[in-house]
Amino acid sequence: TSLALLVVAAAIVALLLFVVEYSRGDVVHRALSGEAYRSKVDRDPSHLAILREKGEGLHILELQGFVFFGTTNSLVEQIRDRLEDSGRSALSYLVLDFRRVTGLDSSAVLGFAKARRLASSQGIQLVLTGLAARARGQLERGGFADTRENGVRILPDLDRGVQWCEDRLLEEAGAPPTAAPRPLAQQLRALLGEIDPNRLLPYLESVEVPEGHVVMRQHEPSEGLYFLEAGRLTVQIETEEGDRRRLRTVGPGTVVGEVTLYLGTPRTASVIAETPTRMHRLSRDAMDRMEREDPELSAAVHRMFARLLAERLTDTLREIEALLG
């Protein structure tokens, strides 16, 4: 009997030591700001400017490992530290990403409920992403249903969760992403500077496609680029195993196909219409003709593409810096 009690006591001590040691590990794999990390949605330059300004209102915590009461307590403390950071903008959206979470126990649900109450008390929208089916069921049974009343939004992955938050930030700034698109000439005016955008229109071919139409196909020759006036396109890559992965989604005021057109290489990805879409195609032949007939316009167009590519590269570098930080 004494030996059995010693074995039980030793097991309890070992369990407690394990819990204490595991609790010291950081449940947060990475903390990111919406100022540096954005969704794979290419947006109108004016929308990008708003997101750069308002991005600190979005805070992302990528979680990891097996989550239980000890680790959720440290999570709540990290959330509280962010809320009390007077040197940063007020928080409006908090994203918890579960992609790296291997599991959670019932006590973890209580910890997440505490985090939700903390966010709700500050008027912060809580967004959960990357939940496995079992973890989602555990949280929903604990009151984390995706409802307006709960102040909880559940989305399939981090990219779409961040996109949802960005859309809300734009709406709050008076620039909803689903608003009626501006005419192409008006969109081009902001990109071409002092050059009259109407000078470019004769070189463009208007194209309207239905939802699901393949605008560009991976590996096919690159013969033109497209200005997107209305609708939404998804850029996706197909792997050798046949999997399709979204690289980015583009909306009105953006351009697709310019990189491979300049490089003279086959398309590196497919582009598919997510909604009925109106575009304007600038072919390689039309670009060559523009260089001969209107060199000033041609130079302005090339500068525009260089600026768009530079801005995209800058955003990518900022995201890499945030991921490595």
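Four aromatic pairs turn up in the structure, a pair being two rings of Phe, Tyr or Trp (its six-membered ring) with centres within 6.5 Å. Tyr93 and Trp164 make one that is edge-to-face, at 6.2 Å centre to centre and 85° between the planes; planes over 60 degrees apart get that label, those under 30 count as stacked and the rest as tilted. Since Tyr93 belongs to strand β4 (residues 93–104) and Trp164 to helix α6 (residues 158–172), this pair ties together parts 71 residues apart in sequence. Helices (H or I, at least four residues) and strands (E, at least two) are DSSP runs, numbered from the N terminus.

This is a predicted model, with local features needing pLDDT of at least 70 and side-chain atom pairs counting only at pLDDT 80 or more, while totals for chains, interfaces and linings use all residues. Residues are numbered from 1 along each chain as its sequence is written, and side-chain values use heavy atoms, leaving out hydrogens and water.

For Phe98 and Phe112, ring centres 5.3 Å apart and planes at 50° make the pair tilted. Phe98 sits in strand β4 and Phe112 in helix α4 (residues 106–121), so here the parts tied together are 14 residues apart in sequence. Phe98 and Phe112 are buried too. Elsewhere, Phe227, Tyr262 and Phe305 form one aromatic cluster.

As for helix α3 (residues 69–83), its buried residues are Gly70, Thr71, Thr72, Leu75, Val76, Ile79 and Arg82.

Note on methods. Buried means under 20% relative accessible area, exposed over 50%, partly exposed in between (1.4 Å probe, protein chains only).
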